[in-house]
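User: I'd like to take a close look at one spot in this model and then see how the rest of the chain is put together. Could you walk me through it with the cut-offs spelled out?

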Amino acid sequence: MATLTEGLPLSLEDRFEGALKTARSTFQTGRTRALQWSIAQLNALKSMLDEHERAFCSALYPDLGKSHFEARYIELDNVRNSCDFFIKNLKKLVKPKSAEVPWYMKRSTRAKVVAEPLGVCAKSMCLILKQLLPEYLDTQAVQVLEATRQECAVLLRYKFDKIFWTDSPRIGRIIMEAAAKHLTPVTLELGGKSPAIIDSTADISTAARRLAATKWLLNCGQTCIAPDYILVHSDVTSSFLEALKEALASFVSPLLLQNPNNDVEPEPDAQVMPRIFNQESLDRLQTLLDEVKDSIVFRLGETDKENLVMAPTILLDPPVESKIMQEEIFGPILQVLQVHSMEEALNFFSLQSIPFGGVGESGMGSYHGRYGFDTFSHLKGVVTTEASRDDPIGYPPYTAKNKAILRACLRNRNMLDVILIKLGLKTF
């Protein structure tokens, strides 16, 4: 970490410290705990999306080549839906939930779980949000800082109450290392291999269409849940490959033909082929592909390096030890691996070198809806005991009978056992 921060101006730390101090002071006032404050921020976010929808769509085009329809449908509407969910459900989510207590405590004790906000959180975001959020949200509570990779390393020196980060496993390790110094909880969305299984009984045509659409149409494979490789039963491999090629050609071929110049934004309703995020990403994908070029069974079109458009590609049985099988692809390359049984497919997932699911190399934690609320909350247990019902049996000096009663309670014996002990008819 130290090598990332050498030679940076001292004023940078002053800027970070000022922003963190303002955010923490605002949190400590309790203003952000008010339900109406949260509802107001959510409504402001919706207003920002509505009033600047075209600007968001235009910003997504040079980055990913997203059509305006896809930008609205996949990106903006999902944020609107999240805002609507919390506007509707936040009052219920913040309401304390009653919790069970042992039977022997029910006479005098009540327990509940209270969701409290964690405090000052760090999250990555894009430039357009940096420009717009201060116009709509409480600027004392929401501090937006523009920072380079070096500057983020400085920011991570400071103590946060939560870090939420979306990136690669390599960056995830850096985030965790920094968070560990302050024992800061983290939520990391790091992607992963996201496999699929096609067995011999599958509806081949439907499976191929679904996989082709989710792999190549949504950000050109640049989503954390894009299918990364497919385990296909050997009995249906040939038919599946043909169906996959057909679906790919019907979905993507027209988009390749319509893809405009990188510098010219398309008409709002035009569908275009999404592009790779940047030159570094395209070079990485090409390097992965070059290693397994003998496994290529289908490629639609040619890669356009100038406009960062990569030809959708299908691989068949690439070597498991190849680099493309060891890391998330995050691009328009789909691998098909043949298996001879469901048992073989499931055993494949047990290989330690291949990440699977939402843990480990894929990250940790969860969000969206109720899970997002829990991610940024501390679920605190609160126990209330009536002073008038303080039982002296729990205090020393302990008699033999009291010891037996306490042990019976703590071992979850029933009330009858306690009564019998009191009467001297049973021991414990």
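Where is the place of Arg-209?

Analyst: Happy to. Arg-209 sits in helix H8, which covers residues 204-217. Before going further, a word on the ground rules: this is a predicted model, where local features need pLDDT of at least 70, side-chain atom pairs count only at pLDDT 80 or more, and totals for chains, interfaces and linings use all residues. Residues are numbered from 1 along each chain as its sequence is written, and side-chain values use heavy atoms, with hydrogens and water left out. Helices (H or I, at least four residues) and strands (E, at least two) are DSSP runs, numbered from the N terminus.

Back to your residue. Arg-209 counts as partly exposed because its relative accessibility is 41%; on this scale buried is under 20% relative accessible area, exposed is over 50%, and partly exposed lies in between (1.4 Å probe, protein chains only). Leaving out residues up to four places away in sequence, Arg-209 touches Ala-247 and Phe-251, a contact being heavy atoms within 4.5 Å. From C-alpha to C-alpha, Arg-209 and Phe-251 are 8.8 Å apart in space, although 42 residues separate them in sequence.

Helix H9, made of residues 237-258, includes Thr-237. Thr-237 is buried, since its relative accessible area is 4%. Setting aside neighbours within four places in sequence, Thr-237 is in contact with Val-232, Leu-316 and Gln-338. Also in helix H9 are Glu-242 and Lys-245, three residues apart and so separated by about one helical turn. These two form a salt bridge with their closest N and O atoms 3.5 Å apart; the term means a side-chain nitrogen of Lys or Arg within 4 Å of a carboxyl oxygen of Asp or Glu. Glu-242 is partly exposed at 48%, while Lys-245 counts as buried at 19%.

The structure holds 15 salt bridges. In another of them, the side chains of Glu-327 and Arg-284 meet at 3.1 Å, N to O. That pair links distant parts of the chain, 43 residues apart: Glu-327 is in the loop between E9 and E10, and Arg-284 is in helix H10 (residues 279-291). Both partners are partly exposed, Glu-327 at 24% and Arg-284 at 29%. Asp-417 pairs with Lys-426, with 2.6 Å between the closest N and O atoms; here Asp-417 is buried at 11% and Lys-426 partly exposed at 31%. Salt bridges that share partners also join Asp-50, Glu-53, Arg-72, Asp-77 and Arg-80 into one network.

Neither is a glycine, yet phi is positive for each: about 50 degrees at Asp-317 and about 55 degrees at Phe-330. Asp-317 is partly exposed with a relative accessible area of 34%, and Phe-330 is partly exposed with 35%. For another backbone feature to check, Pro-396 and Pro-397 are joined by a cis peptide bond, with omega about 0 degrees. Pro-397 belongs to the loop between strand E12 (377-385) and helix H13 (400-410).

Now the surface. Patches are made of residues with over 30% relative accessible area and no salt bridge, with like charges joined within 9 Å and nonpolar side chains (Val, Leu, Ile, Met, Phe, Trp, Tyr) within 5 Å. Lys and Arg count as positive and Asp and Glu as negative, without His and the chain ends; a charge is placed at NZ of Lys, CZ of Arg, CG of Asp or CD of Glu. Lys-88, Lys-91, Lys-92, Lys-95 and Lys-97 form a positive patch. Helix H4 (residues 68-94) supplies the largest share of it, three residues. Lys-92 lies in that helix, H4, and is exposed at 57%. A nonpolar patch consists of Met-415, Leu-416, Ile-419, Leu-423 and Leu-425, with about 520 Å² of accessible area together; such areas come from the Shrake-Rupley method with a 1.4 Å probe, and for residues only the protein chains shown count as cover. Leu-416 is in helix H14 (residues 415-422) and counts as exposed at 52%.

Finally, the whole chain: it has 14 helices and twelve strands, and 40% of its 428 residues count as buried.
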